[in-house]
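Work through the exercises below with the sequence and the model at hand. Each task is followed by its solution.

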Amino acid sequence: MVIAVDGPAASGKGTLARRLATHYGFAYLDTGSLYRAVGQAVRAGGGDPADKEAALAAAKALDVSRIDEQAIRTAEAGEAASLVAVMPEVRAAILHFQRDFASRPPQGEPGAVLDGRDIGTVVCPGAQAKLFVTARPEIRARRRWLELKNSGADVTEAQVLDDIVERDRRDAERAASPMKPAEDAHLLDTSDLSIEAAFGAAVAIIDKALG
Ligand code: C5P
């Protein structure tokens with residue numbers, strides 16, 4: 001049983017996906033953290049995330065048990081992630097891990113929730129339930145800015161909005177696994193919803209899809 005949760009940056013998909021995994025007793029995989037870890041590894045080694053060779057080497061060397069959760073949550077790591085994510089070779093290098101996680105959840109859970117950009121379209125096209133979570137860019141920028149500010153980052157809301165718009169563009173326009181809703185995905189706009197209301201709407205959609 002697989003639940004695919006896709007959508008743009010700061011749409012609320014991560015919070016939602018985590019809660020859905022707890023609710024259904026499923027394993028949870030944040031696939032963005034894999035791209036962030038690859039981008040961050042290249043940066044940490046003094047390399048350029050846009051350098052294909054460096055990015056592919058980092059993707060091949062990725063050890064998911066050693067991802068530094070704090071280091072990958074910065075705005076720079078998000079930017080680096082979207083640069084390495086345009087490369088088909090990088091995507092191919094981590095595809096197997098994602099599919100394996102979905103079909104054989106690590107603790108033997110009866111299902112998995114994966115969140116990302118291409119879960120419903122490429123990673124798990126056969127997922128039993130697919131959500132595409134969106135929110136207006138200004139709303140997403142405000143949410144991400146508050147998060148960054150609370151973690152001590154010195155950044156303006158306007159900068160965060162610029163970054164989000166640029167990242168959306170790169171994610172949606174790239175040739176390899178662009179961000180887009182699967183044809184059978186249910187769209188969920190969280191712009192005017194509380195976390196609670198978004199969760200309720202998601203559960204209603206998924207319960208129906210899982211029968
Ligand atoms: O979701 P998050 O903001 O952590 O993702 C960081 C970046 O990783 C995205 O902007 C996107 O470029 C890339 N990504 C992707 N495919 C996924 C998950 C993330 O291309 N399934």
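The model is predicted: local features need pLDDT of at least 70 and side-chain atom pairs pLDDT 80 or more, while totals for chains, interfaces and linings use all residues. Residues are numbered from 1 along each chain as its sequence is written, and side-chain values use heavy atoms, without hydrogens and water.

**Exercise 1.** Determine whether Tyr35 is buried or exposed, and list its contacts.

Step 1. Tyr35 is in helix 2; helices are DSSP runs of H or I with at least four residues, numbered from the N terminus.
Step 2. The relative accessible area of Tyr35 is 7%, so Tyr35 is buried (under 20%, with a 1.4 Å probe and protein chains only).
Step 3. Beyond neighbours within four places in sequence, Tyr35 is in contact with Ala81, Val84, Ala85, Val90, Arg91, Ile94 and Gln98 (heavy atoms within 4.5 Å).

**Exercise 2.** Find which residues of helix 4 are buried and which helices they pack against.

Step 1. In helix 4 (residues 75–84), the buried residues are Ala77, Gly78, Ala80, Ala81, Ser82 and Val84.
Step 2. These buried residues pack against helix 2 (32–44), helix 3 (52–60), helix 5 (88–103) and helix 8 (157–173).

**Exercise 3.** Describe the polar atom pairs at the ligand and the helix that gives the most to its shell.

Step 1. A polar side-chain atom of Thr31 is 2.9 Å from a ligand nitrogen atom.
Step 2. For Arg91, a side-chain N or O atom lies 2.8 Å from a ligand oxygen atom; for Arg174, a polar side-chain atom lies 2.9 Å from a ligand oxygen atom.
Step 3. Helix 2 gives the most to the shell, with three residues.

Technical notes:
Buried means under 20% relative accessible area, exposed over 50%, partly exposed in between (1.4 Å probe, protein chains only). Helices (H or I, at least four residues) and strands (E, at least two) are DSSP runs, numbered from the N terminus. A polar contact is a pair of N or O atoms within 3.5 Å; within protein, one must be able to donate a hydrogen and the other to accept it, and residues adjacent in sequence count only if both atoms are side-chain atoms.
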